[in-house]
Structure formats: C-alpha cells, structure tokens
Amino acid sequence: MSVGVSWWTLRRRVLALLGVVGVLLLSVAVAEAVVASKNREYTDVLLMEVGPLRVQGQEMLNALLDQETAVRGYAVTADPEDLAPYEQGLAQERATAQEIRQLSGKYPEIVADLQAVEQQADEWRRAVAQPVIETTRTSGTEAGQALLTDETRQRFDEVRGAVAALQEEILTARQATARNVEQTGNLLVILLIVAALVVAVAGIALLLALDRMVLRPLTALAGQVREVVTGDYTHRIVGGGPPEFQRLGADVDAMRQRIAADLAEVREARERIEWVNTQLQKQAEELTRSNRDLEQFAYVASHDLQEPLRKVASFCQLLQRRYAGRLDERADQYIAFAVDGAQRMQRLINDLLAFSRIGRLTAGFTEVNMNNLMAEVAAQTEPARQYADAELTWDDLPVIRGEEPLLTNLLVNLVSNSVKFRRPEVPPKVHISARLVGEEWEISCQDNGIGIEPEFADKIFVIFQRLHAKDAYPGTGIGLAIVKKIVEYHGGRVWVDTDVPEGTAIRFTLPARPEDVTAAQADQPAGAVAPDSDAEGRDGGEQPEGAGTVGADADPDSVPEADDQAAGAQRSGVARQGGSREAVGGDAGSGSGETGGMKEAVR
C-alpha cells in the first residue's frame, strides 16, 4: 500500500482532488440546471395558463349572469333590445369555454368541471330562458313573469354552483403550480448551498493537503538546507513528502556534495595561490630591487663614463687636428673613425642618462600651459628647423597637470623627429593639435615627412631600435622611447596613426583636468580641436585663434594652402621610399622668443 501511495506524485494528488471537486460541482450544476428548467416551466404554467384560467372562469360567470339578467329584463319589458345582452352573454360563454379548453389541456379535472358548467347552462336555457322568452313574446310580460319562479332561480343557482366548482378547481391547480414553483426555487437554493459547501470543503481540504504535502516537507527541507548554509557541508539532506520533494532533496544533496567537493578544491587552490602569491611577492620585491639597482647602474655607468669618454674624444680630436694630413691617408681615416665613435658613444650615453632620469628625479606635477610650452619647444628646435627650412605650427592647446621639463622634452623629441625624417626637396611642416576625448586630451604631432610603415608602428618606441642605417639618419634610436616613457609617466598612452594620407601622425593622451571635463560636458568641448583640424593646419589652412606658427619664410598674416596634386605626389613619394624613422633628442638652440602674436618667423 505504501508503494502505491508513494507513486502518487503531488501533481497527481492535486489533480485527483480537483477532479473530485470538479465532478461534484458539475453534478450540482447539472442538478441546478434541471431544477431551474422545472422552475421556469412551472412559472410559465402559472403565468401563462393557470392565471388566465382564473380570469376565464370569472368571465364564464359574468356571461351567465348577463344571460339571466337579460331574460328577467325581457320578461318585464318585452323589449327585444333587452335580449341583446342575452345573445352577447351566450357568445361570450362559448368563447370563454373554448379558451378554457385550450388553457386546461394539462388539467382534465378543469375540463370536466367546464363540461358540467356547460351542461347546467344548457339545461337552464332549455328549461327556463327559452320558455320565458317565447312566452313573453307570444303571451305578454305577465305570462313571462309567471314562469320566473323560485324553481327557476334554484336552477340558475345550480349553474352558478357549477361555475363555482370550476373556479375552485382552477384555484386548486394554481395552488399546486405555485407549490411546484416554490419547491423548485427552494431546491435551487439548497443546491447553491451544497455547491458553496463543496467549494468550502474543497478549499479546506486543499489547504490541509498543501500543508501536509507541500509546506511541511518544504519547511523540513529548508531547515536541512539552513544547516548546510551555516557551514555543516557534511550534513546529508533527505527530502520527504511527495516524490517531487524527495527528488528535490536528492538533487539538493547532490549539489551539497558537489559544493563540498568544490570547496575542498578551492581550499587546496587557495593554499596553492597563497604560496604562489608569497613567491610572487618575493619575486616582485626582488624585481623592484633589481630594477632599482639597474637604474642606479645605468645612471652611475652613464655618469661615470662621461669623464673617460670626454678624454678619449678630446685626445682623438687633438690627434685629428694636429696630425691631419701629416700621416698617410689610412691613418687619417683611422683617426676619423675614432673621433666619430667617441662622439656617437657620448651621445648614446647622454641619451641613456636622460632616459634613466625620467621618473627618478621629479619636481612634482603643476599646471602647464601647453601654448607657453610650445614657445620653448620652438626655441630649442630652431637650429634644426632653420637648417631644414621647416615650419612649425600649433593650435590653441590646453592646460594640463604634469612636469614642464619632461613635457618640453617630449614635444622637442617629436618635433625634432618630424624635421629629421623629412622628404628630400620638400620643406618640412610640423603641426601640433589637441582635442578632448572623454576625460583625456589627445595631442597629435602631424608632419609631411617620409611616414612610417604600419608594421613598424609599435617597433619605433623600443629603446635603441633603429629602422635605418646610422649613415642614413643621425641619432641613437632612443628619442621615441623617451617619449613613451614620459607619456606613460603622466598616465597616458602613445601610438602612431597609420591612417593619415601623408607623412606621420604620432598621437598621445594626457589626463584632462576635472574642470575641463565638466565644461565639455556642460557645453561643446571648449579648446578641443575637431578630428581633422590638424590636417587643415598641416596643409596650411586657417589657424584658430591663439595658434602659433614657426617656420622658414612664414608670412605673418597667412599661410598658403597646399596643392592637392602636390600632396598626392608627396604621398606617392613616401610610398616609393617606404621610409621609417627613429627618434633623436633635439639640441637646445638659442632661438628667438615669442613675438606675442599668432605667428613667429624664424629664418
């Protein structure tokens, strides 16, 4: 028996209970429909048959009374007009009798009483009414009145008694029909009460069943789950009640076992991770110490190598000046090689020293006006620009937080690179622009030089990385590495934009001040440059207010626009050369200062 009960799932039990309740309610509904039909039938009989029968019974009595009254009046007056009610009453009697027969088809007792009334009325007319009418018409009123005796009155009373019996039978039928209506109505009420009781009992049974089959097993299961939640992952969970809850308990217990196994693995993994973290922390400390030692070594090495290198370079130069032309040609070549190597080594050491100092010796961040900074950049790059007949322009630049010497070095390296890697027979043009992108300023250095192939876009920022022979372009290959280190020190990033139509565009980002970001969000970005405005400045278009220009043969009032065909020819020349570049630090020059206007010419 227990096996059969356990086979009854919760769904089956609920469906069985609902099925029983549904059958009971359906039975009650069918019974109510039948009783309601009967009630309506009895009501229709009461209203459409029995009710009109009472009226017709009264009409039958009135028709007979009219006949009796008309016969008595005619016996007194002998006036033929007094017989009109008699004829009308006779016609009314027959019509009423016909109507009563139609309405009393279900009541044979009423039909029998009607026949008795008609028989008594016919006998009264044959024995009383017709003789009185004939006698009055032939013998006069006295003879007619003589026939109206107590016996004739008694005969009419018999007719009236028959009509009374008919009305009594009609009343009996009406009362019986009314009782049927009342009984069916009461039965409907009883059936409605039964239906309500069925619903109430079914609801109570459902609540008790849910409490026994759902709430109690779930409460027990939840209690076991809470024990597991408190940390007792070894507690076995067993479901009770219907098979669904038993399977649910088994699934939850399987999940508990899986979680317990995973937790065990997590504990082991955590122990391993803690051990690995300890080792990593030791390695990080070792790397920090090693980097510090390497930086110190690079600084000390580059600093301490200055003195012997200066001596070697000085004596090589003395040998070159004193013995140049006195020895053979090969000796002069050897001396020239020694002087050149010493000079290149001196530049390399200086650049390495500058690279090692970035971020080590800091004066703290301040607000730096990039427009004022560009004046210093123009002054430091003036000799190289005069030699190459180069033009330097810039837009209205923002104010950022940073170290002014490092930012100056950054822009000097970019401008010097643009001037150095120029195309033959093409005057270099360098343009600096900025725009606000999100919470960063994106600053671009655009030129019309030889350009950079896309596959070398990341390689050029590696220290000592050269893409040309040392005879093709001077330098140590450390300039763009310094640029990258300065940008990253300020919290930005640097990259090469390979989508420019000609030349090279090196872009880098620097964090914007909060007030600049707020102002840009409240209105259109103030001080930001449109994405293609650098191209306009590069091609010699109009400069925005506050922009500067430094270049050879620059007109103070306007800059000539670049010819599209010439630009296309320059781009094709870059493609033929397939050039790339390296960075060199620009030498500080004693250039002219700012003129205070929008442009500055250096010749």
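In which sense do strand β5 (residues 440–447) and β7 pair, and over how many bridges? The pairing is antiparallel and extends over seven bridges. The legends below describe close-up views of a predicted model.

**Figure 1**
Strand β7 spans residues 505–511, and six of its seven residues are buried, so the strand is largely enclosed by the rest of the structure.

**Figure 2. The largest nonpolar core.**
This core comprises 45 residues, of which L411, L414, I432 and F508 touch the most other members. Helix α12 (residues 404–420) supplies the largest share of the core, eight residues. Apart from neighbours within four places in sequence, L411 is in contact with M370, L373, M374, V377 and F508. A second, separate core holds 33 residues, among them A75, L83, Y107 and L166.

The side chains of R125 and E93 form a salt bridge with an N to O distance of 2.6 Å. R125 belongs to helix α4 (residues 108–139) and E93 to helix α3, so that the pair links distant parts of the chain, 32 residues apart. Both partners are buried: the relative accessible area is 9% for R125 and 4% for E93. Helix α3 (residues 84–103) also contains T96, a residue buried at 1% relative accessible area. Beyond its neighbours within four places in sequence, T96 is in contact with Q56, E59 and M60.

**Figure 4**
D262 and R258 form a salt bridge in which the closest N and O atoms are 3.6 Å apart. The two residues are separated by about one helical turn because they lie four residues apart in helix α7. D262 is partly exposed, at 30% relative accessible area, whereas R258 is exposed, at 57%.

R423 and E502 form a salt bridge, with 3.7 Å between the closest N and O atoms. R423 is in the loop between α12 and β4 and E502 is in the loop between β6 and β7, so the pair ties together parts that are 79 residues apart in sequence. Both R423 and E502 are buried. Elsewhere, E367, R513, E515 and D516 are linked in a network of salt bridges. The structure holds 15 salt bridges.

**Figure 3. Two loop residues with positive phi.**
Most residues other than glycine have a negative phi. D389, which is not a glycine, has a positive phi near 55°. D389 is located in the loop between α11 (382–388) and β2 (391–394), and is partly exposed, with a relative accessible area of 32%. E425, also not a glycine, has a positive phi of about 65°. E425 is found in the loop between α12 and β4 (429–437) and is exposed, with a relative accessible area of 81%.

G240 is in the loop between α6 (150–229) and α7 (243–304) and counts as partly exposed, at 30% relative accessibility. The C-alpha atoms of G240 and L218 are 8.3 Å apart in space, while the residues are 22 apart in sequence. Not counting residues up to four places away in sequence, G240 touches P217, F245 and Q246.

**Figure 4. Cysteines C316 and C445.**
Both cysteines are buried: the relative accessible area is 14% for C316, and the relative accessibility of C445 is 3%. A search of the whole structure finds zero disulfides.

**Figure 5. Confidence along the chain.**
The protein chain has a mean pLDDT of 75, and 76% of its residues reach 70 or more. Residues 1–5 have a pLDDT below 50, and this stretch has one contact in the model beyond near neighbours in sequence. Residues 525–603 also have a pLDDT below 50, and that stretch has 191 contacts in the model beyond near neighbours in sequence. Where pLDDT is low, predicted coordinates should not be read in detail.

Technical notes
Residues are numbered from 1 along each chain as its sequence is written. This is a predicted model: local features need pLDDT of at least 70, side-chain atom pairs count only at pLDDT 80 or more; totals for chains, interfaces and linings use all residues. Side-chain values use heavy atoms; hydrogens and water are left out. A disulfide is a pair of cysteine sulfur atoms within 2.5 Å. Buried means under 20% relative accessible area, exposed over 50%, partly exposed in between (1.4 Å probe, protein chains only). Two strands pair if DSSP finds at least two bridges between them. A nonpolar core is a set of buried Ala, Val, Leu, Ile, Met, Phe, Trp, Tyr and Cys residues joined through side-chain atoms within 4.5 Å. Contact means heavy atoms within 4.5 Å. pLDDT is the predictor's confidence in each residue, from 0 to 100.
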